[in-house]
Amino acid sequence: MVIDRNLDLPRDLHLFDQSVETFVFNAVKTDVDGKMKYISLEDFDNFVPQYILFQLYLQDVQSLIIEGGAKTLQAFIEAGLWDEARVFTGNVILHKGIKAPVIQGDIVSTDIVGEDVLRIIKPYAV
């Protein structure tokens, strides 16, 4: 699955090799091309996580791991559409770049993985 609003990703990416069923969420077209399913979302400025999850529900997809950029991750977090986050923290401080998403919840475990720290976070219990 990929979010490609204007269908700008190069078609020679491994993602488009037709080896597995692939969903391309976009604002341009709804179409099926072999194993590629292009799904146009109604409103790319609002409710994108909700639209994506609804479309995946219609396709009988039961689980989703999001490995997105900060904006994508933050959109799912703010919508409350997550049940677990795995946050790796390294020992290097980056002074420039895009800030990591802000996630708050209960830290259910902390483990050392190599030189990094892995925290598993669940949403606060309601």
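1. The second largest pocket has a volume of about 430 Å³. A pocket is found on a 1 Å grid over the protein atoms alone, as an open set of points where a 1.4 Å probe fits, with protein on both sides within 12 Å along at least five of seven lines. Grid points are joined across faces, edges and corners, and the volume is the space filled by probe spheres set on the points. The model is predicted: local features need pLDDT of at least 70, side-chain atom pairs count only at pLDDT 80 or more, and totals for chains, interfaces and linings use all residues. Residues are numbered from 1 along each chain as its sequence is written, and side-chain values use heavy atoms, with hydrogens and water left out.

2. A lining residue has an atom within 4 Å of a point. The largest share of the lining, six residues, comes from α2, and α1 (48–58) also supplies at least two. Helices (H or I, at least four residues) and strands (E, at least two) are DSSP runs, numbered from the N terminus.

3. The largest pocket holds about 1000 Å³ of space. Its lining has 27 residues, with Ile-66, Leu-73, Glu-84, Ala-85 and Arg-86 nearest the centre. Both α2 (70–78) and β5 (85–89) supply at least two lining residues, and β5 gives the most, with four. By class, 17 are nonpolar, four polar and six charged. Here Ala, Val, Leu, Ile, Met, Phe, Trp, Tyr, Cys and Pro count as nonpolar, Asp, Glu, Lys and Arg as charged, and the others, Gly among them, as polar.

4. Four strands form an open sheet in the order β1-β2-β4-β3, with mixed pairing. β1 (2–3) and β3 (31–33) stand at the edges with a single partner strand each, so one side of each has no neighbour in the sheet. Two strands pair if DSSP finds at least two bridges between them.

5. β3 and β4 (residues 36–40) run antiparallel and are joined by three bridges; Val-32 stands opposite Lys-37 in β4. In their hairpin, which has two residues between the strands, Gly-34 takes a positive phi near 65°. β2 and β4 pair in the parallel sense over five bridges, and Phe-23 stands opposite Lys-37 in β4.
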